[in-house]
Amino acid sequence: MTDINTSILIVGGGTFGLSTAYRLAKAGYKHITVLEKSASIPPRDSAGNDLNKIIRAEYEDPFYTDLALQAMHEWQTHPLFAPHFHQTGYLLANSPAAPEKAKLTLQKSLASISSHPSFAGQIQPIQSRADIRAVAPVFDGPMRWTGYLNRMAGYAHAASALRALYAACAALDVVTLRLGEGAASLLFDGDGDDTCVGVRTTSGSELRADRVVLTLGASVASLLPQMAGQITARAWSVGHVQLAPDEATRLRGIPVTYARDLGFFFEPDAETGLLKVCPAAAGYTNFVSAEGGLSLPPEDSDWIPPEDEERIRALLRDTLPALAGRDIVDKKLCWCADAADTEYVIDVVPGKRNLIVASGDSGHAFKMLPVVGDWVRDVLEKGVQDVVRWRWKEQSGKGEASWRVGMTMDLGDLRRE
Ligand code: FSA
């Protein structure tokens, strides 16, 4: 029986972890601890440790459309989240060279919103360069793209939203936040060691709780290797172009722009003038330097493969050619907990009592920051996951995410400049 007096230890202070702490606190829980190995928020290795993330509700699978709409309502209205949300619109398109797969993704995404009442009057077809320039006059590249603009979407300033959520948790006296200390191992007790009672921290102390929730993102298999059948740490490249203040001003208000076969970019950051640009790719595993046959994030992720830098330039040549030759700065690999079926995994760990995992972001979870904690609370309270697709799976298949183009590679197969 879980109730508001149950003590809950959340391991990992990223998107899922902070959301869980906050939503539990708001539901009246009185003893919540978050353990985070990074000394600051956002955690260095969190996928949410990013300038910005796309906030959109179109999905190939309408199941997620409704959930994303609930989250978007919070992004639009909740005083904690709204300052970090920018409803610039979302331009989703394909270049003429796009593979069939990318075209299908776009069609299905559009289908999920085109007859949905929440998007009435918000969608505009894009059939030509002139159509793109009508919504983003500053784009002056060749862009022979087709797609649509959805005004009911935009982006969140990800790092600052996580910082705000952390501060909101810190202001609640029911949440204890322990930074700079990770979990070295799980502690078990009971018959056959099946009951999780806490963790041993990286400083050697025991931290006990009635329930332990693992929100470790791409690193989850380091503490729970039995997740490796369903979750693979996989990374995507992130780059930025440093704009001068007048250049940033010229790009103010541009929609999040995603050519499914090329990549995507955002409105420049108002404070720093950084323009984030990401190439479209299938992602990189890291089986090579991790131990025990697992793909886990490596120590150094502050670089991107030269192939991706070239992809970033190609996207800029098509849209903002004056920027295509600029230095790409603040490069990094963004690590996700990728499930082969791309479904989140929020469930009790089979064969263990009092141990819950919330993982499998699969590169599409940041938008759920305001609400994902409620889904974790649901599992804590019921002791089962009612949503079949979010259940623990011994294997989540070898399928490739429908929306990704290219081939997934291991970091060991790449050259590094
Ligand atoms: O709106 C979104 O879900 C953005 S996903 C961004 C991305 O880099 C994907 O393009 C990629 O395929 C992977 O899922 C990681 O996230």
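## Exercises on a predicted model

In this predicted model, an open sheet is built from three strands in the order β3-β8-β4, with antiparallel pairing.

**Exercise 1.** Determine which strands lie at the edges of the sheet.

*Solution.* Begin with the strand order, β3-β8-β4. Next, consider the pairing of the strands: β3 (52-55) and β4 (85-86) each pair on one side only.

**Exercise 2.** Describe how β3 pairs with β8, and state which residue stands opposite isoleucine 54.

*Solution.* Strand β8 covers residues 154-157, and its antiparallel pairing with β3 extends over four bridges. Within β8, tyrosine 155 is the residue opposite isoleucine 54. Ile54 is also one of the residues that surround the ligand.

**Exercise 3.** Identify side chains that place a polar atom within 3.5 Å of a ligand oxygen.

*Solution.* Take the residues in turn. For arginine 56, a side-chain N or O atom is 2.5 Å from an oxygen atom of the ligand. For tyrosine 258, a polar side-chain atom is 2.6 Å from a ligand oxygen. For arginine 404, the distance from a side-chain N or O atom to a ligand oxygen is 3.0 Å. As for cover, the ligand taken alone exposes 390 Å², of which the protein buries 89%.

**Exercise 4.** Classify the shell around the ligand.

*Solution.* The surrounding residues include Trp236, Phe264, His364 and Lys367. By class, the shell holds five nonpolar, three polar and three charged residues.

**Exercise 5.** Report the confidence of the prediction.

*Solution.* The chain has an average pLDDT of 96, and 98% of the residues score at least 70. For the complex, the predictor gives an ipTM of 0.96 and a pTM of 0.97.

Technical notes:
Residues numbered from 1 in each chain as written. Predicted model: local features only at pLDDT ≥ 70, side-chain atom pairs only at ≥ 80, totals over all residues. Heavy atoms only, no water. Near = heavy atom within 4 Å. Polar contact = N/O pair within 3.5 Å; in protein donor to acceptor, adjacent residues only side chain to side chain. Areas by Shrake-Rupley, 256 points an atom, 1.4 Å probe, with all protein chains shown as cover. Nonpolar A, V, L, I, M, F, W, Y, C, P; charged D, E, K, R; others polar. pLDDT = per-residue confidence, 0-100. Pairing = 2+ DSSP bridges. Helix = DSSP H or I, 4+ residues; strand = E, 2+ residues; numbered from the N terminus.
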